[in-house]
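Good morning, and thank you for coming. Please look at the sequence and the structure as I show them, and I shall take you through selected places.

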Amino acid sequence: DALPQFSNLDIVNVNWPAVIDPVSGTNNYSVYRCEVTSSTLTCAPATLLGSTNATGFNDTSVKVDDTKYFYAVKTQDNAGLVIISSNIVSVIVDKNGPLPPSLFAISPSGFIKNLPAVLNWSAATDPGVLASGVAFYKVYRDIVSGSLVILNPNVGNVLTYSDAALSEAVKYFFKVAAQDKAGNPGGVSNEVDVTLDTATPS
């Protein structure tokens with residue numbers, strides 16, 4: 001069965017449908033793996049991970065970050081004949097989250113007179129040759145500097161966000177962070193603040 005394209009776990013679950021030999025019956029399934037790392041970029045010879053009578057295998061040896069693992073399964077019947085070799089599936093193990101983006105000032109003065117407050121930030125970088133890349137950004141907002149209260153957990157893979165729910169004369173503090181396609185949270189950006197001021201000077 002297909003594997004997820006990316007994973008940040010220390011285990012890969014490989015599953016397949018049962019193979020039926022109507023004459024002698026199937027004996028077991030052999031699971032093979034080869035890997036491509038950021039340094040080799042070529043698949044090493046496939047190695048036998050293990051054999052099982054079940055239709056699934058848990059590979060608990062995927063410890064290396066920034067690595068693409070390829071899997072194939074072979075089965076043989078009770079007469080000792082290899083009767084089928086599976087297709088090849090792969091998964092990239094990525095355990096490092098994106099670097100923090102840079103959040104730009106909403107207003108040079110720190111004040112705005114009209115809503116919405118528009119946030120803009122630089123694209124976050126997901127390090128690694130085989131990194132999964134940024135999936136989306138999350139936005140934090142609070143009235144206390146340094147806090148991490150989520151305003152929107154997923155604004156998409158965009159570099160801007162508009163917030164029209166600000167109260168008058170209240171200073172709001174914003175941060176953003178990315179999450180990659182493997183599910184790794186990224187570093188949090190710098191903090192910027194803004195205050196809505198619609199009052200006319202008297």
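A polar contact of 2.9 Å joins the side chain of S132 to that of D94. By polar contact I mean a pair of N or O atoms within 3.5 Å; within protein, one must be able to donate a hydrogen and the other to accept it, and residues adjacent in sequence count only if both atoms are side-chain atoms. The model is a predicted one, in which local features need pLDDT of at least 70 and side-chain atom pairs count only at pLDDT 80 or more, while totals for chains, interfaces and linings use all residues. Residues are numbered from 1 along each chain as its sequence is written, and side-chain values use heavy atoms, with hydrogens and water left out.

Where does S132 lie? It is placed in the loop between β10 (117-120) and β11 (134-142). Strands here are DSSP runs of E with at least two residues, helices are runs of H or I with at least four, and both are numbered from the N terminus. A polar atom of the S132 side chain also lies 3.3 Å from the backbone nitrogen of A182. Is S132 buried or exposed? With a relative accessible area of 4%, S132 is buried; the word buried means under 20% relative accessible area, exposed means over 50%, and partly exposed is in between, with a 1.4 Å probe and protein chains only. Leaving out residues up to four places away in sequence, S132 touches F6, D94, D126, D180, K181 and A182, where contact means heavy atoms within 4.5 Å.

Two of those names return with S7, which belongs to strand β1 (residues 6-7). S7 touches V91, I92, V93, D94 and A182, again not counting residues up to four places away in sequence. At a relative accessible area of 9%, S7 is buried.

S90, by contrast, is partly exposed at 25% relative accessibility. S90 is found in strand β8 (residues 89-93). Its contacts, apart from neighbours within four places in sequence, are L3, P4, K68, Y69 and F70. The C-alpha atoms of S90 and C34 are 9.5 Å apart, although 56 residues separate them along the chain.

Let us turn to the strands. The protein chain has zero helices and 16 strands. Strands β14 (residues 171-180) and β15 (residues 185-188) pair in the antiparallel sense over two bridges; two strands pair if DSSP finds at least two bridges between them. A177 has V188 in β15 as its bridge partner. Four residues lie between the strands of this hairpin, and G183 takes a positive phi near 95° there.

Strands β10 and β13 also pair in the antiparallel sense, over four bridges, and A117 stands opposite D163 in β13. In a regular strand the side chains alternate between the two faces of the sheet.

Next come the aromatic rings. How many aromatic pairs are there? Rings of Phe, Tyr and Trp (its six-membered ring) pair if their centres lie within 6.5 Å; planes under 30 degrees apart count as stacked, over 60 as edge-to-face and the rest as tilted. By this rule the count is two. The rings of W16 and Y29 have centres 5.4 Å apart and planes at 55°, so this pair is tilted. W16 lies in the loop between β2 (12-15) and β3 (26-37) and Y29 in strand β3, so the pair ties together parts 13 residues apart in sequence. Both W16 and Y29 are buried. W121 and Y137 form a tilted pair as well, at 5.6 Å centre to centre and 55° between the planes. This pair links W121, in the loop between β10 and β11, with Y137 in strand β11, 16 residues apart. W121 is buried at 2% relative accessible area, and Y137 is buried at 1%.

Finally, some remarks on the backbone. Most residues other than glycine have a negative phi, and most peptide bonds are trans. The peptide bond from L115 to P116 is cis, with omega near 5°. A169, which is not a glycine, has a positive phi of about 65°. A169 lies in the loop between β13 and β14, and at 60% relative accessibility A169 counts as exposed.
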